[in-house]
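Subject: Structure handover

Hi,

Here is the structure I promised to pass on. Please open it alongside this email.

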Amino acid sequence: MKIGIDLGGSHIAIGVVDKDGKILDKREKKLRGIANRLIKKTIEETIIDNVKEYQNNYKITEIGIAIPGTVNQNKIIKSVNLGLKDYNIVDAINKEINLPIKIRNDAKCAALAENKYGALKKYNRILFMTLGTGIGGAVIINGNLLETGEYPGCEFGHMVIKENGLKCNCGRKGCFEKYGSMRAFKDNLRNELGLEDKTSGKELMAILKDTTKESKEYAKIEKVRKQYIRDLSVGIANLVNIFEPEAIGIGGSFVYFSEVLLQDVKETILKEDMLFNPRKEINIQTAVLGNEAGIIGATL
């Protein structure tokens, strides 16, 4: 058995994964609201405590960690959404846990899982994006991740789509994730409707589905939705023009909003001639492994 850990921008999910990619046990802890000075301590304690408990019930051979940001073999080089930099997470955990640990960017983990077990099993050239707190990315060609040396690359979220745009957590302006992430969509929707920050994604989705054209809120919702669709479409089209994938996979919390967003994204890309090479259709698949993709992919 292996332990897969998905270290997200707002939570940690930890699971025991068998040889067939099935999660046998899963636990989660929220990170949102924890002070930056306590993030490392919280991450380490959560992982160590749960791994030790799992070792009492399962024969664990390895730990894999999916991390939002740039990593190398042992270290988080930079994770802007967690506020972490030059953090040797492997050594920190190995002080208490004597198991092999491998770390990889979270979007790449999710892409591997979807390619092996999920929505992208039958495709050879894949572009994968995670839309959540930020935007992560991966490219898989014939089952192999596109690797770029010391820095793993495919930081799709930090492709600039608007000159002198909104300032990103990375320090640059106009990054794709400031416009195309689900955090951006949800925050803009809350702001436009005058909702509290704690309004959940589930509540927002209910509002989107239940609001009719006759409602006084309809125009506000459509303003946010259409702008988000256009911004997301621009980013996706840019990536398709570079990589020409057979299929594009989208994971993260976008999956739960796909019924009110995805078809319009496809139509916008095609109708507005955003693609360099003509296509009659654009193949975008939503991830089917959900929030479990990071956990499963971390063990691959």
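Below are notes on a sheet, the helices on it, and one threonine.

Bear in mind that this is a predicted model.

The sheet first. It is open and has 5 strands, in the order S3-S2-S1-S4-S8. The pairing is mixed. Strands S3 (23–30) and S8 (101–105) form the edges, each pairing on one side only. From one strand to the next, the twist averages 15 degrees.

Helix H1 (residues 36–55) lies across S1 (2–7), S2, S3 and S4 (62–67). H1 runs at about 20 degrees to S2. Helix H3 (residues 106–117) also packs on the sheet, where it touches S1, S4 and S8. The direction of H3 makes about 95 degrees with that of S8.

Now the threonine. Threonine 211 is found in the loop between helix H6 (201–210) and helix H7 (218–243). Is threonine 211 buried or exposed? Its relative accessible area is 18%, so it counts as buried, the cut-off being under 20%. Leaving out residues up to four places away in sequence, threonine 211 touches Glu217, Tyr218 and Ile221. A polar atom of the threonine 211 side chain also lies 2.6 Å from the backbone oxygen of isoleucine 207.

Best wishes

Key
Residues are numbered from 1 along each chain as its sequence is written. This is a predicted model: local features need pLDDT of at least 70, side-chain atom pairs count only at pLDDT 80 or more; totals for chains, interfaces and linings use all residues. Side-chain values use heavy atoms; hydrogens and water are left out. Two strands pair if DSSP finds at least two bridges between them. Helices (H or I, at least four residues) and strands (E, at least two) are DSSP runs, numbered from the N terminus. Axes are lines fitted to C-alpha atoms, for helices over the stretch in contact, and angles run from 0 to 180 degrees between N-to-C directions. Contact means heavy atoms within 4.5 Å. Buried means under 20% relative accessible area, exposed over 50%, partly exposed in between (1.4 Å probe, protein chains only). A polar contact is a pair of N or O atoms within 3.5 Å; within protein, one must be able to donate a hydrogen and the other to accept it, and residues adjacent in sequence count only if both atoms are side-chain atoms.
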